[in-house]
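Here is a short tour of one protein model. Keep the structure open while you read.

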Amino acid sequence: MNHPKPSDAVKAVAIATADDLRETIRRKSKLKGRQADETSLQEVRMLIGNGPHRRDLLIEYLHKLNDEYRALHDRHMVALAKEINIPMAEVYEVATFYHHFEVVRGNDPVADITVRVCDGVSCELAGAKSLLEKLPSILGNPKVKVIPAPCVGRCEQAPIAVVHQHPVLFATLDKINAAVKNNMVTQPMPRDDGQFDPAALAEKSVSPQGANQLLSPNYVGFEAYKAKGGYALAKEVAQGKHSVESVIKAMENSGLRGLGGAGFPAGRKWRIVKDQPAPRLMAVNIDEGEPGTFKDRTYLERDPHRFLEGLLVAAQVVGIDACYIYLRDEYHGCRELLEAELVKLKANPPCKLPLIELRRGAGAYICGEESAMIESIEGKRGEPRMRPPYIAQVGLFGRPTLEHNMETLYWVRDIVQRGPDWFSAFGLNGRKGLRSFSVSGRVNYPGVKLAPAGITIQQLIDDYCGGMQDGHKFYGYLPGGASGGILPATMNDIPLDFDTLQPYGCFIGSAAVVVFSEKDRARDVALNVMRFFEHESCGQCTPCRVGTGKAAQLMEAKSWDQSTLEDLATVMVDASICGLGQAAPNPIRCTNKYFPNEVA
């Protein structure tokens, strides 16, 4: 194509002066979107300090704001984004991911007190639905908000309500009303002169019985723990009196497996991470969000230093530079207790300590999955990572990471000091070791039962739980919490342990056992569980996000659409990237298989 040549008659005309261009650049260099106001900036700085601020502490900063103002106001989030120097959208997407953050716009009203009523399986069996229906009219206060909440980890004290941060055990309308009127919004701090020896409770019930249980039981504090030989092992390992290899062999020979649900051999995990390049990190999982599980809370609120000593031994043996303890937000009392005891430990350490940071969850079941927990510790949305690489190789902050459930570390001291045979000598039906069963539901004496691995459900009920409640006949049970499937009472002789339940479409997981009777329906239990999965799906996988919701709708029908539910189940198992979506079909398949008369 021929282009016309410029005419000599055409003269150049300036479209802007130099000052105009400078003004245009100045305007474009300003931040886009809503700007932080000075008042909000000052309020944020009063809570989180003047900086510099760490990006990985974003969730901790959000907690400070949410605690102070009972909500996250958009003006504060704008100010927080400016202080951390990240986009407001990044703050917003993290804040809206977690259930315990209430994001409000402008001058939208904020409740003075939020009452959360647990609607998990155990609490539903104990009458939580009635509480949820009647509470709003009983309280009669528009500034008090009543909402259902997923399992809060106190199933042995069902039904449970939480008034802001104050759990109400064996909740009734009168108890909750009194807590609100008296502004009981925080959990009282317990005394630190308690006595607790878990080894002496082997083959016994750990939890106290009866309706008069203490909300904050006395615990073994730092001085009391040392007086009973505590931290001697950590000191001896640091001094070389126990070789690294001897400690790892003790862990391997004990047969201890990860007690958070996956069941990976603990000693082997130590050896794998130890062989990775430094620096190596540790992430401790005390999220304990599996409905029906409360063993970690039971041990932690009575004997925190036994866990911390196990952490120090593992850190020395594996060569850990920094430890991050991830504690679920529902355990407010445990958090205050741990904060106080960590201060004492750091002031008088038995050995050189790694960096230890306590991180606070924000209400997301998915963060019990190890890679989602790591994302949350890094201050992000708790979405599981694709694997490989595995977190033992590329984990927290991109470093090799030793991830453990709290109870796994809790037994390290006893295994090394008493010898691995002490632990492995327990067991029934060909299984080895001890298991902390969290038992709840229609039994007389619910609670944590430190029983031999391989015990059957019938033995648990009869020998540890005082039988079924009066007027109730054993009908069925969840052997491994919400995700572990559902079995009928006729299958009461299966050894409960890792690898023994898979042939029946179930698994033991964190050993959360929920017992129900002939006055309950397995289909109702399954629907409760599916609604939980729908609520807790992180949304990253379409099969899980859509499948759980669609399944819950189909499960409400009088007769189940078997073929469609099975199609959903197959897709969720095959296409979900983490255990939530893969385990969500278990209650569907178990109900169809073992309780067909209820859904035909």
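## Two cis prolines

Pro-279 sits in the loop that runs between α12 and β8 (280–286). The model is a predicted one. The peptide bond leading from Ala-278 into Pro-279 is cis, and its omega is near 0°.

A cis peptide bond also links Ala-158 to Pro-159, with omega at about -5°. Pro-159 belongs to the loop between β4 (144–149) and β5 (161–163).

## The parallel sheet

Now look at β8 and its partners. Four strands form an open sheet with parallel pairing. Their order is β10-β9-β8-β11. The edges are β10 (355–360) and β11 (401–405), and each of them pairs on one side only. Ignoring direction, neighbouring strands in this sheet are turned by 20° against each other on average.

β8 pairs with strand β9 (residues 320–327) in the parallel sense, over seven bridges. Find Leu-281: its bridge partner in β9 is Ala-322. Strands of a sheet pair through backbone hydrogen bonds, and the pairing can be parallel or antiparallel.

## A helix across the sheet

Which strands does α12 lie across? The answer is β8 and β11, and α12 runs at about 160° to β11.

α12 also has a helix partner. Two packed helices are described by the angle between their axes and the distance between those axes. Helix α12 (residues 266–274) packs against helix α14 (residues 304–318) at an angle of about 45°, with the axes 9 Å apart. That angle makes α12 oblique to α14. From α12, the residues Trp-270, Val-273 and Lys-274 take part in the contact. They meet Val-313, Ala-314, Val-317 and Val-318 of α14. Sorted by class, this contact has six nonpolar residues, no polar ones and one charged one.

## The nonpolar core

In soluble globular proteins, nonpolar side chains tend to be buried together. Here the largest nonpolar core has 187 residues. Which of its members touch the most other members? They are Val-115, Trp-270 and Phe-307. The largest share of this core comes from α14, with nine residues.

Take a closer look at Phe-307. Leaving out residues up to four places away in sequence, Phe-307 touches Val-284, Ile-286, Leu-300, Ile-325, Met-406, Leu-409 and Tyr-410.

## The antiparallel strands

Move on to strand β13 (residues 447–452). Is this strand enclosed or open? Six of its six residues are buried, so β13 is largely enclosed by the rest of the structure.

β13 pairs with strand β12 (residues 434–441) in the antiparallel sense, over six bridges. Arg-435 stands opposite Ala-451 of β13. A hairpin of five residues connects β12 to β13. Strand β7 (residues 204–205) also runs antiparallel to β13, and two bridges join them. Here Ser-205 stands opposite Lys-449 of β13.

## Positive phi in two loops

Two residues have a backbone angle worth a look. Glu-288 is not a glycine, yet its phi is positive, at about 40°. Glu-288 lies in the loop between β8 and α13 (295–300). Is Glu-288 buried or exposed? Its relative accessibility is 9%, so Glu-288 counts as buried. The cut-off for buried is under 20%.

Asn-429 is not a glycine either, and its phi is positive at about 55°. Its place is the loop between α19 (420–424) and β12.

## Two exposed aspartates

Asp-463 is part of helix α20 (residues 457–464). Its relative accessible area is 58%, so Asp-463 is exposed. The chain places Asp-463 and Lys-204 259 residues apart, but their C-alpha atoms are separated by 9.2 Å.

Asp-574 is part of helix α23 (residues 562–575). Its relative accessibility is 62%, so Asp-574 counts as exposed. Asp-574 and Pro-543 are 31 residues apart along the chain, and 9.0 Å separates their C-alpha atoms.

Methods: Residues numbered from 1 in each chain as written. Predicted model: local features only at pLDDT ≥ 70, side-chain atom pairs only at ≥ 80, totals over all residues. Heavy atoms only, no water. Axes fitted to C-alpha atoms, helices over the stretch in contact; angles between N-to-C directions. Parallel < 35°, antiparallel > 145°, perpendicular 65-115°, else oblique. Contact = heavy atoms within 4.5 Å. Nonpolar A, V, L, I, M, F, W, Y, C, P; charged D, E, K, R; others polar. Core = buried A, V, L, I, M, F, W, Y, C linked by side-chain atoms within 4.5 Å. Buried < 20%, exposed > 50% of the residue type's maximum accessible area, 1.4 Å probe, protein only. Pairing = 2+ DSSP bridges.
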